[in-house]
Amino acid sequence: MLWIYYALLKKDAIFLITINTFCVFIQTFYIVTYFYYGPKKEKIVTVKLMLLFNVFGFGVIFLATYFLKNPSLRLLVLGYICMAFALAVFVAPLAIVRKVIKTKSVEYMPFTLSVFLTLGAVMWFFYGLFLKDMNVAVPNILGFIFGVLQMILYAVYKNHPKKTVEESDPKLQLSDHQVVVVDLAKLGSDVNAVIPNSTNSNNGGNNGGRTEGNAFNKV
């Protein structure tokens, strides 16, 4: 939405308009699909984020720039804002990179996404360079770096077995272990309470042995 607004003010930037219009359509489809399948709590969070950024945030940026009397200053301010959001888009995959390093699994980082992120960054960089528009070119330098980083991580960890975050977190494993120990302690006290009664029964040692064996089988 911001890049379309920027292109309309800049003029002679038809590719910025057409490509970002298509991106708005695709992203809207993603959001609608998420609303259809997502849990109720996450839907509420998504609505809040959309109202915050797509309605309130975009509205504030539009009002703050559109009524600036100097067209050059308006375009300059809007260009910096677009560049900041573009940088945020490219920095966002760092969360996935962290998860890949932590789990040593590329399950959460599709290779094709990394490839096209890198190619797109390269194309947009040269497009901005040819137009002499640094607002378009500069963010894609970072996009290219992160794209290459993701592909390198994919090459390093692609042959590692899948490993979930829970499996790689020792705190979670320790927590489960503690629960098991407590349960065994409780079971042990119950067994100790059962065994003396069975061995001292009037039926003799053999019967006590069978009772003891049955108590352990039940445990």
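pLDDT is the predictor's confidence in each residue, from 0 to 100. This is a predicted model, with residues numbered from 1 along each chain as its sequence is written. Local features need pLDDT of at least 70, side-chain atom pairs count only at pLDDT 80 or more, and totals for chains, interfaces and linings use all residues.

**Exercise 1. Find where the confidence is under 50 and state how to treat it.**

Step 1. The average pLDDT is 78, and 73% of the residues score at least 70.
Step 2. Residues 171–186 stay under 50, with 2 contacts (heavy atoms within 4.5 Å) beyond four places in sequence.
Step 3. Residues 197–219 also stay under 50, with 13 such contacts.
Step 4. Where pLDDT is low, the predicted coordinates should not be read in detail.

**Exercise 2. Compare the span of helix α4 with its expected value, then locate its buried residues.**

Step 1. Helices are DSSP runs of H or I, at least four residues, numbered from the N terminus.
Step 2. α4 covers residues 71–91, 21 residues in total.
Step 3. The expected span is 1.5 Å times one less than the number of residues. For α4 that is 30 Å, and the model's C-alpha span, first to last, is close to it at 30 Å.
Step 4. Buried means under 20% relative accessible area (1.4 Å probe, protein chains only). In α4 these residues are R74, L78, G79, C82, M83, A86 and F90.
Step 5. They cover an arc of only 160° around the axis, so they sit on the same side of α4.
Step 6. Their packing partners are α1 (2–10), α3 (40–66), α6 (111–130) and α7 (134–157).

**Exercise 3. Describe the surroundings of N140.**

Step 1. N140 lies in helix α7.
Step 2. N140 is buried, at 7% relative accessible area.
Step 3. Beyond four places in sequence, N140 contacts F90, G120, A121, W124 and F125.

Terms used. Heavy atoms only, no water. Helix = DSSP H or I, 4+ residues; strand = E, 2+ residues; numbered from the N terminus. Buried < 20%, exposed > 50% of the residue type's maximum accessible area, 1.4 Å probe, protein only. Arc of directions from axis to C-beta.
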